[in-house]
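I opened the model to look up its sheet. I wanted the strand order and the pairings.

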Amino acid sequence: MAQFFTLRSFYSFLTSGLLLIAASLPAQAQTGNAQAESLRQTAQSRYEADKQLCADEASAEARLQCRRDAQAIYNKAIAAIGSAVTPAPTAACNSCGLVTAVRLSEKTGASGAVGLIAGGLAGAVLGHQVGGGFGKDLATIAGAAGGAYAGKKIEENVNSRKLWTVSVRYNDGTSAEFDYEQDPGFKAGDAVRKSGNVLVRN
């Protein structure tokens, strides 16, 4: 019977040791899986050794109680290992979201003095060739004005460019739009995240 109490003391010591080892693992250990597997193997080996010690008990009742204690110790050790290596929940990514729409549009280019002057001169020359006297002067003025307007529009069209506008809805419920002068390759439903001033695939 003295041997039985000695073994129970040993089991208590073994339980404390396994629990301390498991609890010493950081919540997000870099090699958590490997450490957990190593501790499981150690607990299994000790459990097998404990069962062999239990076989040396003098009575069937003592052997049965010994095996129950060994099983309880093993179960506690496994539970402690599992809780120690459970990773902490990942923080929500508020800069992550989904593309809701991609629109292609034509952005009118800027016009400068070149288009106005060139158009005005061309219009004035053409207007000067119409009519005579005061009518000729009016035609020249009208031709210059019309030519300047036409020159401005031509320059705007020449400088126009395509623009892709990507709409995104973030995980926190907010929305934003990003403009690209080249096709970014996104489509509605793509998972993305904001990186600086642009979107990247998530």
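My entries on the sheet follow.

I noted that this is a predicted model, in which local features need pLDDT of at least 70 and side-chain atom pairs count only at pLDDT 80 or more, while totals for chains, interfaces and linings use all residues. Residues are numbered from 1 along each chain as its sequence is written, and side-chain values use heavy atoms, with hydrogens and water left out.

Entry, order. I found an open sheet of 5 strands in the order S3-S2-S1-S4-S5, with antiparallel pairing. Strands here are DSSP runs (E, at least two residues), numbered from the N terminus, and two of them pair if DSSP finds at least two bridges between them. S3 (175-180) and S5 (198-201) are the edge strands; each has a single partner strand, so one side of each lacks a neighbour in the sheet. I read an average twist of 40° from one strand to the next, with axes taken as lines fitted to C-alpha atoms and angles running from 0 to 180 degrees between N-to-C directions.

Entry, S1. I looked up both partners of this strand. S1 (residues 96-107) is joined to S2 by 10 antiparallel bridges, and alanine 101 has serine 167 in S2 as its bridge partner. S1 and S4 (residues 191-195) pair antiparallel over 3 bridges, and cysteine 96 stands opposite arginine 193 in S4.

Entry, S2. I checked burial (under 20% relative accessible area, 1.4 Å probe, protein chains only). In S2 (residues 161-170), 7 of the 10 residues are buried, so the strand is largely enclosed by the rest of the structure. S2 and S3 run antiparallel with 6 bridges, and valine 166 is partnered by phenylalanine 178 in S3. Their hairpin has 4 residues between the strands, and glycine 173 takes a positive phi near 95° there.

Conventions. Buried means under 20% relative accessible area, exposed over 50%, partly exposed in between (1.4 Å probe, protein chains only).
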